[in-house]
Amino acid sequence: MDLQDRFDQLLALADRLGLNIRREPLGGEGGGYCVIKGKPILFVDTLADLETRYDRTLTTLARLPQIEEHFVSPELRDELVRAKG
């Protein structure tokens, strides 16, 4: 599975978690997560390269406890566990 496939899986997981996914030009830092007016939002930086977007999204989702309730591929699950620390 290549990086784009894994990134697409992360975005699908974010969607299943109920996060509003916003693709915005944010300076190339990769994006992040916040809650605005009670709604969780995942920002994906359209100016960042794929690896940066993937790493930032992986780290963000790894911190959310509800990911345990959702299926992801074993390869991606291992990466989420490593990113969680």
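This is a predicted model: local features need pLDDT of at least 70, side-chain atom pairs count only at pLDDT 80 or more; totals for chains, interfaces and linings use all residues.

Me: At roughly what angle do the axes of α1 and α2 cross?
Reply: Helix α1 covers residues 3-16, and helix α2 covers residues 50-62. Their axes come within 10 Å. The crossing is left-handed. The angle is roughly 35°.

Me: How do the residues of the contact of α1 with α2 divide into nonpolar, polar and charged?
Reply: From α1, the residues in contact include Leu3, Phe7 and Leu10. From α2, they include Tyr54, Leu58 and Leu61. Charged residues take part too, among them Arg6 and Glu51. The division is nine nonpolar, two polar and three charged.

Me: Which strands stand at the edges of the sheet?
Reply: The open sheet has three strands in the order β1-β3-β2, with mixed pairing. An edge strand here has a single partner, so one side of it is left without a neighbour in the sheet. The edge strands are β1 (20-24) and β2 (31-36).

Me: How many bridges join β1 to β3?
Reply: Strand β3 spans residues 39-45 and runs parallel to β1. Asn20 stands opposite Ile41 in β3. The number of bridges joining β1 to β3 is five.

Me: Is Arg56 buried, partly exposed or exposed?
Reply: Arg56 lies in helix α2. Its relative accessible area is 34%. Buried means under 20% and exposed means over 50%, so a value in between counts as partly exposed. Arg56 is therefore partly exposed.

Terms used. Residues are numbered from 1 along each chain as its sequence is written. Side-chain values use heavy atoms; hydrogens and water are left out. Axes are lines fitted to C-alpha atoms, for helices over the stretch in contact, and angles run from 0 to 180 degrees between N-to-C directions. Helices (H or I, at least four residues) and strands (E, at least two) are DSSP runs, numbered from the N terminus. A crossing is left-handed if the near helix is turned anticlockwise from the far one by less than a right angle, and right-handed if clockwise. Contact means heavy atoms within 4.5 Å. Ala, Val, Leu, Ile, Met, Phe, Trp, Tyr, Cys and Pro count as nonpolar, Asp, Glu, Lys and Arg as charged, and the others, Gly among them, as polar. Two strands pair if DSSP finds at least two bridges between them. Buried means under 20% relative accessible area, exposed over 50%, partly exposed in between (1.4 Å probe, protein chains only).
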